[in-house]
Every structure is written in C-alpha cells, then in structure tokens.
Amino acid sequence: MIEIWYAILSFMLVMFIVLEGFDIGAGMLQHIVGKTEAERRLVIAAIGPLWSWHEVWLVGFGGTLMVAFPNILASSFAGFYLAFFLLLWSLILRGVSIEVSGHIAEPLWRTAWNFIFVSANLLLAILIGAALGNVVRGVPLGADGKFSLAFFTNFSPSGNVGILDWFTVSCAVFILVTFAAHGANALVLKTEGPVHDRSQRIAKLLWKAVLALLVVVTIEAWHVRPELFSGMTHKPLAWLGLVGVIGGILMVFTSGRSKRELRAVIGSSLFIAGLMIAGAASVFPIMLYSTLAPEYSLSANQNAAAGHGLAVALVWWPISLIFAIGYFLFIYRHYAGKVKPSEDTQQPY
C-alpha cells in the first residue's frame with residue numbers, strides 16, 4: 001500500500017514538472033524568441049489557455065502528500081517555508097502577468113508585466129531545481145524530525161546545510177536550462193514564423209547544454225549521495241527511468257533531422273519524466289534524508305498514514321484521475337495546432 005501511494009505521489013509530481021516545465025521554459029524565452037510586442041504576445045497565447053490547468057497537478061501533489069504522508073508534509077512545509085513562500089509568489093505573479101498584461105494598450109504597462117512574467121518564470125525554474133536538489137542531497141533533519149533552512153550556510157552539501165550550496169545551485173542551473181530547452185521545443189510546435197524559427201535555433205543550442213550539464217550534475221550527485229547509484233541496480237523502476245532519459249534524448253536529437261516537431265516535444269517530456277522517475281525510485285523509501293545523521297532521516301514506511309485511511313483514499317483517487325485525464329485530453333484537443341497572432345485578442349485568459 002505504501003509503495004502504491006509513493007508511486008501515485010511521484011506520478012503527480014512528474015506530471016507537474018513535465019507540463020509546467022513547458023510553461024516556465026517558454027516564459028523564460030519570451031524576450032529572446034519574441035522581438036516585437038506581437039511576437040511576445042504569441043508566446044503568451046501558446047501557454048495562456050494551459051498554464052492554470054498545469055498547476056492543478058501541483059495542488060494534487062500537495063493533497064496526495066497530505067493524505068498519504070502527513071508527517072512528511074508537516075516537516076517539509078515547515079522546513080521549506082522560505083522556499084515555498086517564494087514559489088507561491090512567483091506562481092501568483094506569473095499568473096497575474098498573463099491575465100492582465102493585455103488589458104491596457106500602453107507600452108509601459110506591457111513592458112512592466114512582460115518583465116515580471118519573464119522574471120517569475122526564471123525564479124520558478126531556479127526554485128524548482130533547487131528544491132529537487134535538496135531532496136537528493138538531504139536536509140538538516142534533527143532527532144525530532146524537524147529542520148529549518150536558511151538560504152545558505154557554508155555552501156557545503158553536508159552537515160548544517162542551507163537551501164543553496166554548490167550542488168543545489170548546479171541542480172537549479174540544470175533544471176533552468178532543461179526547462180528552457182523543453183519550452184523551446186514546445187514553442188516550435190505551437191508557433192510559426194519568426195518565433196518558430198528562433199525557437200528552433202535556440203532549442204538546438206540548449207539541448208547541447210542540457211547534455212553537458214547532465215554529466216556534471218550526475219558526477220556531483222555521485223559525490224553527494226553515492227548510495228543512490230548503488231541502490232539503483234536493485235530497482236527496476238530506476239532503470240525504466242534511465243531508459244526514458246536515453247530514449248528522450250535520442251528523440252530530441254533525431255527530430256531535427258526529420259523535422260518532426262511533436263517528436264521533439266515528446267522526447268523532451270520523456271527525458272524530464274525519466275529523470276524524475278529514476279530519482280524517485282532511487283531515493284525510496286527515504287523521503288527526507290538527514291545531512292546531520294542518516295538515522296534521523298524520514299522514510300515512507302515509518303511516516304505513512306494509517307492503512308485504513310490509505311485504502312479508503314485509494315478508492316477515490318482513480319475516480320479523480322479519470323476526471324483529470326478526461327479534462328487533460330479535452331483541453332489539449334481543443335487548443336491543438338499552432339497559435340496565430342490574429343487569434344490573440346489581448347484579453348485575459
């Protein structure tokens with residue numbers, strides 16, 4: 001039962017990272033691929049109908065964590081309070097900028113909100129990358145199962161760590177570049193004209209950087225948590241994730257030759273999902289690793305909710321998933337195809 005709920009929790013997080021990664025990546029590139037106001041609005045039109053739906057998976061992740069692993073939720077939300085505060089404000093400002101930037105046909109108004117839009121997406125990528133790095137590295141959990149994180153301490157990934165150190169900063173940079181490459185692939189699929197051409201050129205450069213950074217972060221992760229790699233040999237799901245990583249990379253790099261835009265998006269999605277699956281399988285059953293002492297770590301087995309509650313929730317979760325997937329298919333079918341400047345009325349989404 002615990003393994004099932006851990007898999008469900010991981011699934012919710014993977015969906016959020018893959019889908020929201022498109023929005024964040026495209027948003028970061030708005031002023032790079034869009035040189036005029038009409039071209040920048042084209043980027044907004046590409047993600048405008050979808051961004052709020054993608055955030056539903058984050059809400060679902062939080063709800064699933066509360067139902068299945070309430071002790072982990074209590075400890076992590078208190079310890080990551082500063083990071084969560086910044087994450088929520090970035091999500092709010094990104095959403096507000098999408099909704100109100102087209103209200104007034106005034107250059108100063110739109111320039112200001114475009115700046116907020118790009119900045120919020122950049123900060124979201126950094127925060128998500130640093131958060132994932134913290135999960136891999138661990139947090140300064142004490143014997144009471146509690147911790148608090150400053151922005152940084154001595155920049156070391158061991159002992160009394162902060163949110164940022166050389167490892168988590170590397171993870172943040174890696175996720176930022178990966179999201180940008182993922183977003184560029186999606187913009188190639190959703191746009192045409194100059195924005196399409198610029199996105200295509202940028203995607204080729206970014207995916208080369210993603211490969212280089214993947215090697216760097218893998219070596220660093222081996223140094224920080226070597227037991228994760230040795231434990232992967234006994235976890236088939238971790239190997240499945242690695243297959244997804246390799247397959248995704250191959251799809252991305254072969255799509256350029258065949259000019260299959262959808263193939264590139266599927267490949268980048270598979271790459272990100274594979275990384276998340278491999279990471280989730282590797283850390284299990286430890287959900288919060290202690291950098292102070294391994295025996296203080298919080299595991300899924302010891303911090304799961306009561307078995308009866310998990311069994312009851314397992315009856316309702318598939319029903320909710322059916323509705324979620326149904327709406328997912330509806331909205332993607334409704335907004336399929338390329339967006340055009342003439343379709344963007346400058347109105348809020």
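Glutamate 37 is partly exposed, with a relative accessible area of 24% (buried is under 20%, exposed over 50%, partly exposed in between, with a 1.4 Å probe and protein chains only). Its partner in a salt bridge is arginine 40, which is buried at 16% relative accessible area. A salt bridge here is a side-chain nitrogen of Lys or Arg within 4 Å of a carboxyl oxygen of Asp or Glu. Because glutamate 37 and arginine 40 lie 3 residues apart in helix H3 (residues 37-47), about one helical turn separates them. Helices are DSSP runs (H or I, at least four residues), numbered from the N terminus.

This is a predicted model, in which local features need pLDDT of at least 70 and side-chain atom pairs count only at pLDDT 80 or more, while totals for chains, interfaces and linings use all residues. Residues are numbered from 1 along each chain as its sequence is written, and side-chain values use heavy atoms, leaving out hydrogens and water.

The whole structure holds 7 salt bridges, including those below.

| Salt bridge | N to O distance |
|---|---|
| glutamate 37 – arginine 40 | 3.8 Å |
| glutamate 20 – arginine 94 | 2.1 Å |
| aspartate 165 – arginine 137 | 2.4 Å |

Aspartate 165, in the loop between H7 and helix H8 (166-190), is 28 residues from arginine 137 in helix H7; both aspartate 165 and arginine 137 are buried. Glutamate 20 and arginine 94 are also buried, and a network of salt bridges links Glu20, Glu55 and Arg94.

The axes of helix H6 (residues 81-100) and helix H7 (residues 107-137) come within 8 Å and cross at roughly 145°, axes being lines fitted to C-alpha atoms over the stretch in contact and angles running from 0 to 180 degrees between N-to-C directions.

Terms used:
Helix = DSSP H or I, 4+ residues; strand = E, 2+ residues; numbered from the N terminus.
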